[in-house]
Amino acid sequence: MNYVIKVDGIPDGPNKTGQMHWARKNAHKREWTEKVGWLAKSVNHPATPFKKAHVHFKINFGNNARHDPDNANFAVSKPSLDALTGIFIEDDSIDNVELSYEYTREKPKSFEIVITEIK
């Protein structure tokens with residue numbers, strides 16, 4: 001079974017957050033982690049977190065501008081994995097989570113998280 005979480009917007013990547021004051025950067029990360037966490041709790045989720053899972057991110061940039069996938073990967077996956085830990089996944093270490101990414105220019109700017117248990 002796949003669990004899907006849809007998130008409006010995309011967090012700022014390292015090119016933008018690298019310039020921020022550390023307190024503002026931490027607030028930005030916390031804001032996105034809480035946003036994804038609340039969305040994760042609001043959808044149907046397993047009674048106990050998965051020991052192993054595949055997490056797929058579909059990132060919709062929403063425009064035709066040039067985008068770096070490595071920056072988008074980091075911006076989206078870090079707060080998302082932190083938020084999913086304890087709800088969908090037991091631990092976000094490399095032993096327990098497989099990641100994959102897909103990119104589109106679809107509007108609106110958003111991303112989807114698809115979580116599938118690995119047995």
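By class, how many nonpolar, polar and charged residues does the lining of the largest pocket have?

Author: The lining has six nonpolar, four polar and five charged residues (nonpolar: Ala, Val, Leu, Ile, Met, Phe, Trp, Tyr, Cys, Pro; charged: Asp, Glu, Lys, Arg; polar: the others, Gly among them). The model is predicted: local features need pLDDT of at least 70 and side-chain atom pairs pLDDT 80 or more, while totals for chains, interfaces and linings use all residues. Residues are numbered from 1 along each chain, and side-chain values use heavy atoms, without hydrogens or water.

The largest pocket holds about 380 Å³ of space. (A pocket is an open set of points on a 1 Å grid where a 1.4 Å probe fits, with protein on both sides within 12 Å along at least five of seven lines; lining residues have an atom within 4 Å of a point.) Its lining consists of 15 residues, and Pro11, Asp12, Gly13, Lys16 and His67 lie nearest the centre. Helix 1 (14-17) and helix 3 each supply at least two residues of this lining (helices are DSSP runs of at least four residues, strands of at least two).

The second largest pocket contains about 220 Å³ of space. It is lined by 15 residues, with Thr17, Lys25, His28, Lys29 and Phe74 closest to its centre. Helix 1, helix 2 and helix 3 each give two or more residues to the lining of this second pocket. Helix 2 contributes the largest share, five residues. By class, six residues of the lining are nonpolar, five polar and four charged.

Ile5 shows how parts of the chain meet. Apart from neighbours within four places in sequence, Ile5 is in contact with Leu39, Ala40, Val43, Leu84, Phe88, Phe111, Glu112, Ile113 and Ile115 (heavy atoms within 4.5 Å). In strand 1 (residues 2-8), Tyr3, Ile5 and Val7 make up the covered face, while Asn2, Val4, Lys6 and Asp8 make up the uncovered one. Seven bridges join strand 1 to strand 4 (residues 110-117), and the two run antiparallel (pairing takes at least two DSSP bridges). Val7 has Phe111 as its bridge partner in strand 4.

Notes. Buried < 20%, exposed > 50% of the residue type's maximum accessible area, 1.4 Å probe, protein only. Points joined across faces, edges and corners; volume = space filled by probe spheres on them.
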